[in-house]
Amino acid sequence: MRKLFLKSIKSSTRNKFSTYIMVIAFFSIAAILVEAGILGSLFKGLLVPMCYYIILAVSLNLTVGILGELSLGHAGFMCVGAYVGGVFSILTKDIITSALIRFPLALVVGGLAAGLFGILIGIPILRLKGDYLAIVTLAFGEIIKKLVQNIYIIKDVTGFHFSFATSIDTSTIDSESKQVILNGPMSISGIPKNANIVIGVILVLITLFVIMNLVDSRSGRAFMAIRDNRIVAEGIGINITKYKLIVFSFSAFFAGVAGSLFAHFSTVDPTKFDYNLSILILVFVVLGGIGNIRGSVIAAVILYALPELLRSFQNYRMLIYAIVLIVMMILNNNEKFLRFKERFTFKRLFAKKHAKEDA
Amino acid sequence: MALLEIKDLCISFGGLQAVQNFSISIEQNQLYGLIGPNGAGKTTVFNLLTGVYKPTSGSITLDGQGISGKSPMEINKSGIARTYQNIRLFSNMSVLDNVKVGLHNQIKYSAFSGIFRLPSYWKQEKLMNERALKLLKVFDLEHQSKNLSCNLPYGKQRKLEIVRALATNPKLLLLDEPAAGMNPNETAELMNTIKFIRDEFNIAILLIEHDMRLVSGICEQVAVLNFGSELTHGNTNEVLKDPRVITAYLGE
Ligand SMILES: Nc1ncnc2c1ncn2[C@@H]1O[C@H](COP(=O)(O)OP(=O)(O)OP(=O)(O)O)[C@@H](O)[C@H]1O
Ligand SMILES: [Mg+2]
């Protein structure tokens, strides 16, 4: 009995470690190749986005794959994180001068804000299922986008000026000291661009650590039980409300962190966080394998990088992208390929060694 | 005092009176049968007892505590666990994990301890694994603990459902047609297992069954439902000889 327990721990730990190693190895090699000039600057610019897309895909997989609820509003949570994290950095730039302290705080603040939205949105939609949940989360994403397009915040010596309209009344603002923080549909300016590949990879690893450990624990079993049969899960004494809210808040938190990372890397333009982005992340999750965390990582990297790298093919770009999508879809449902893939995973390589030791 | 006291339980779906004025009481450690022709309302009684449906009227008392109107989660926590007529396992989870979900409220640690792998995680997981494997062993399932539950053969899936229900540490176990789809040998084995569970875990069992050999073989008391109303209840041998019961089953 003891042996079996130890074995089960080993196999799940092995699985996790192989995922961490995969991420570290991929990004180290990519960074080295970029430094050595083998991969061009185009590729270099893709590394940080890969990190936030991985975080987005993994966190969405928690909701879609592990809890089994279809969410189409992930971009909305990312948007909350980007805005709150970005504004936090702008406001604290003069107070907390060290980026080493300010940036991690901005990431956490962005995540917490999004997590709060996750809970706020989660409570009214707890009873919804399937299509209805998809519709509500979709609407949430669109509403958030519209909201941030209409917020104006200007700071001057007299304090903050808020406006929630199509424009802001500038007559009362002291033009000498004015600093525009949010300017409606215009993109945010003045966020320090602190993001880099090292912090990106660290965030990916933290996300993987938290989500994979959560899934492989008492709570994770509750999530999956709810996914497999909600009525039975309830009948077995599982608090559905509690565990759904845990998932919604964690999923939104990490989307917010990804958003904040994004805000400190590229221009925050509210139109970016639209329906298409939510769908794109969902595509990563579906093609990487529903409920398969490592699959989400791989799919996010390949499917994000591909269309970017194919830019030189211009018109054929989306055609090739579509073909890759279809091929991945077919392969993911192909028994033979899945068995082939099994043979080449770290898990199996390690497993063989251990099998000998056990014998 | 009886363990379970059901008084004048009624429920109607639209115009259909699915259960009317159903009253029985089950003693501690008793094996009680619930029989009746198809569509008589037996499964509906289970759904009422477990809080899936709310009764239109009537009361259910477990251990002196009123439970009608409570949620399925609360009712499970107060001590009723069940299996389902058509098997409902967590099919994408392993056999072991199905049982560990059943242990959810028995052996606990927080999500936080789980994420950061604090000592309580290791301690409680170890306990859970031991307890789950011990339960699986009762049903000869311990060697399949790593399999996906949907890959088990039918008979073993039924057993796993019982293990999962037992894991919640009930005072009363409800079995909905546990012998359905089993051959006579398997049924005979199941009868022994049910008696063993009752003695080993010291619980009461209420079971729905169409197989009269099983009912007469192990149930001490039986209640008969027909078209939602209770035809009779009492000592198994007497009830099964009752001409009204025979007519209800065979028809005029
Ligand atoms: N949710 C529901 N809505 C409407 N009618 C229902 C519902 N649940 C059960 N019924 C009806 O109540 C009656 C009793 O059903 P129930 O499933 O309890 O029968 P049963 O005694 O378990 O039969 P069987 O032996 O076939 O399992 C049936 O006529 C059924 O159609
Ligand atoms: Mg039934």
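This is a predicted model: local features need pLDDT of at least 70, side-chain atom pairs count only at pLDDT 80 or more; totals for chains, interfaces and linings use all residues.
Visitor: How much of the accessible area of ligand 1 does the protein cover?

Guide: On its own, ligand 1 has 630 Å² of accessible area, and the protein covers 64% of this. Such areas come from the Shrake-Rupley method with a 1.4 Å probe; for residues, only the protein chains shown count as cover.

Visitor: Which residues come nearest to ligand 1?

Guide: A residue is near a molecule or strand if one of its heavy atoms lies within 4 Å of it. There are 14 residues around ligand 1, and those that come nearest are G39(B), K42(B), T43(B), T44(B) and Q85(B). Helix 1 of chain B gives the largest share of the shell, 3 residues. The shell holds 5 nonpolar, 7 polar and 2 charged residues; Ala, Val, Leu, Ile, Met, Phe, Trp, Tyr, Cys and Pro count as nonpolar, Asp, Glu, Lys and Arg as charged, and the others, Gly among them, as polar.

Visitor: How do you know that T43(B) and Q85(B) coordinate the magnesium ion?

Guide: Donors are N, O and S atoms within 2.8 Å of the metal (3.2 Å for Na, K and Ca). The magnesium ion (ligand 2) has OG1 of T43(B) and OE1 of Q85(B) at 1.9 to 2.1 Å, so both atoms meet the criterion. Water is not among the atoms, so the site may look incomplete.

Visitor: Why is this pair said to tie parts together?

Guide: T43(B) lies in helix 1 (residues 42-49) of chain B, whereas Q85(B) lies in the loop between strand 6 (80-82) and helix 3 (95-102), so the pair ties together parts 42 residues apart in sequence. Helices (H or I, at least four residues) and strands (E, at least two) are DSSP runs, numbered from the N terminus.

Visitor: Are these two residues buried, exposed or partly exposed?

Guide: Buried means under 20% relative accessible area, exposed over 50%, partly exposed in between (1.4 Å probe, protein chains only). T43(B), at 24%, is therefore partly exposed, and so is Q85(B), at 33%.

Visitor: Why is A81(B) called buried?

Guide: Its relative accessible area is 2%, so A81(B) is buried. A81(B) belongs to strand 6 of chain B and, leaving out residues up to four places away in sequence, touches N76(B), A165(B), T168(B), P170(B), L172(B), L173(B) and L174(B). Contact means heavy atoms within 4.5 Å.

Visitor: What is found around N76(B)?

Guide: N76(B), in helix 2 (residues 72-78) of chain B, is buried at 4% relative accessibility. Beyond four places in sequence, its contacts include G235(A), I236(A) and G237(A). A polar atom of its side chain lies 3.3 Å from the backbone oxygen of I80(B).

Visitor: What makes helix 8 of chain A largely enclosed?

Guide: Of the 11 residues of helix 8 (residues 218-228), 10 are buried, so the rest of the structure largely encloses this helix. Among the buried residues are R218(A), F223(A) and D228(A).

Visitor: On what conventions do these values rest?

Guide: Residues are numbered from 1 along each chain as its sequence is written, with chains lettered from A and ligands numbered from 1 in the order in which they are written. Local features need pLDDT of at least 70 and side-chain atom pairs count only at pLDDT 80 or more, while totals for chains, interfaces and linings use all residues; side-chain values use heavy atoms, with hydrogens and water left out.

Definitions and conventions: A polar contact is a pair of N or O atoms within 3.5 Å; within protein, one must be able to donate a hydrogen and the other to accept it, and residues adjacent in sequence count only if both atoms are side-chain atoms.
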